[in-house]
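Biologist: Hi! Could you walk me through this structure in simple words?
Modeller: Happy to, let's have a look together.

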Amino acid sequence: MSRPVIVCVDDEIAVLDSLRRELSEAFEDHCEIETALGGKDAIALVQDLVEDHCDLSVIIADYLMPDIKGDEVLHQVHQLSPQTLKIMLTGQANVDGISNAINTAQLYHYIAKPWQPEDLQLTVREALNSYQQEQKILEYQQNLERKVQERTQELTQTLNTLKTTQAELIQAEKMAALGQLVAGVAHEINTPVGNALLAASVLNNETDSLTQVYDQGALKRSTLTSYLQTAQDSSDLILQNLQGAAALIQNFKQVAVDQTSHEQREFEIIPYIESVLTNLEPKLKQTCHTVAVTGDAALKTISYPGALSQIVTNLVMNSLLHAYEPGQAGYLRFEVTQHRDRIIIEYSDDGCGIPTEYQQKIFEPFFTTGRDQGGSGLGLHIVHNLVTQTLEGILRCESEVALGTRFILDLPLTLVGERAYARG
Ligand SMILES: Nc1ncnc2c1ncn2[C@@H]1O[C@H](COP(=O)(O)OP(=O)(O)OP(=O)(O)O)[C@@H](O)[C@H]1O
Ligand SMILES: [Mg+2]
């Protein structure tokens, strides 16, 4: 860093000389001492020093000068170099000039003329010290600000990285779920397709044998009867297994394919649920259950009726399949209520309930306790996707063993995105 500069300003050369001499005695070895003859000179000198980035620590200016008065000089110096400490020399007790300089140039000190060299040296020494302290504080502040800025930048970067990582993780999770689903579907489909293949090859062999016997003209009635029985059994098996495989593929499509392909419209919720239940009537008729739908029948929503239909079907079918013993009479209920801009649909049964350890898993694909009855474990997974993605709602399950199960669907009354899209 350059050496501190002390500037002396007076309109008398003799005064400037004595100032230079006295200051040199005390500060020559670590300061530059510059002089200016009059106010204009002083301002020009200060301008040069500022442009050259010199360390202008102290300026001592006479008050009474013919071109510009000391207080005005210091005021202008203050504009150019605010951190410089200003000292005024005054020959007379000129209170106005001093107070002016205090107000407009933050005057550090004033020295009365004639001065004692020791007084001058002491005042300048203190000024230099004080200037250095100020500079240190300033430097410290700038350092601190720079560090804060650097840290903020680092933190912003970290935050951005975190956000990207989070998005990537979510994406990876989705892909993993899809991968799991594909693997699961492949595994699930293997059994019915394998069975169908076995039955088909049995049918094929039997048909070959029958053709041979027939060609030889040795076909007996009993052989034909036995063949027909095998053909019937095999085709039943093929049909049953291929239907199972087709259902699995259908379910898989529902999960994997974009679900927004369903149509969206305004409809009355309760009549709509009732119509879905009517479709389930053939199944319900085989049981002794009572089904109720309660709530304001006029309540309307703008949503995807197709999705709601799948949800209702899955929930009711689950109660029929999993909640009751054969012949047991249950009470199944849909309660629909509106809370401001939300629709709450609560579906409950009073069946066997779901053990706590299973409650975490029921929405996972392929979790089922009914595999031997043909359950694939995709039903509630689909319901969960439909509620949270297609209908943009929240799905919860509360269940207690021996008391029953309740699914709570918290849905937006209106799907805003699609409405905005339709308007725009
Ligand atoms: N109302 C209910 N009462 C008791 N258990 C239930 C009920 N609903 C679901 N469960 C349990 O949650 C499991 C998962 O249900 P989910 O609908 O996903 O599969 P699933 O019904 O077994 O097969 P799928 O629906 O694919 O044919 C069921 O196997 C059953 O154990
Ligand atoms: Mg199910």
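This is a predicted model: local features need pLDDT of at least 70, side-chain atom pairs count only at pLDDT 80 or more; totals for chains, interfaces and linings use all residues.

Modeller: Let's begin with the largest cavity: β8 (300-303), β10 (342-349) and β12 (404-412) each give at least two residues to its lining. Strands here are DSSP runs of E with at least two residues, helices are runs of H or I with at least four, and both are numbered from the N terminus. A cavity is a set of points on a 1 Å grid over the protein atoms alone where a 1.4 Å probe fits but cannot get out, and lining residues have an atom within 4 Å of a point.

Biologist: What volume does the largest cavity have?
Modeller: About 80 Å³, where a volume is the space filled by probe spheres set on the points, and grid points are joined across faces, edges and corners.

Biologist: Which residues line the largest cavity?
Modeller: Among them are Phe267, Ile269, Tyr304 and Leu391.

Biologist: And how does the lining of the largest cavity split by class?
Modeller: It has nine nonpolar, two polar and no charged residues. Ala, Val, Leu, Ile, Met, Phe, Trp, Tyr, Cys and Pro count as nonpolar, Asp, Glu, Lys and Arg as charged, and the others, Gly among them, as polar.

Biologist: New topic: where is tyrosine 324?
Modeller: Tyrosine 324 sits in the loop between α9 (305-323) and β9 (331-339).

Biologist: Is tyrosine 324 buried or exposed?
Modeller: Buried, because its relative accessibility is 9%; buried means under 20% relative accessible area, exposed over 50% and partly exposed in between, with a 1.4 Å probe and protein chains only.

Biologist: What about glutamine 106, buried or exposed?
Modeller: Glutamine 106 is exposed, because its relative accessible area is 54%. Its phi is positive, about 45°, although it is not a glycine.

Biologist: What do most residues do?
Modeller: Most residues other than glycine have a negative phi, and most peptide bonds are trans.

Biologist: Which residues does the cis peptide bond join?
Modeller: Lysine 113 and proline 114, with omega about -10°. Proline 114 lies in the loop between β5 (109-112) and α5.

Notes. Residues are numbered from 1 along each chain as its sequence is written. Chains are lettered from A and ligands numbered from 1 in the order in which they are written. Side-chain values use heavy atoms; hydrogens and water are left out. On a 1 Å grid over the protein atoms alone, a cavity is a set of points where a 1.4 Å probe fits but cannot get out, and a pocket is an open set with protein on both sides within 12 Å along at least five of seven lines; lining residues have an atom within 4 Å of a point.
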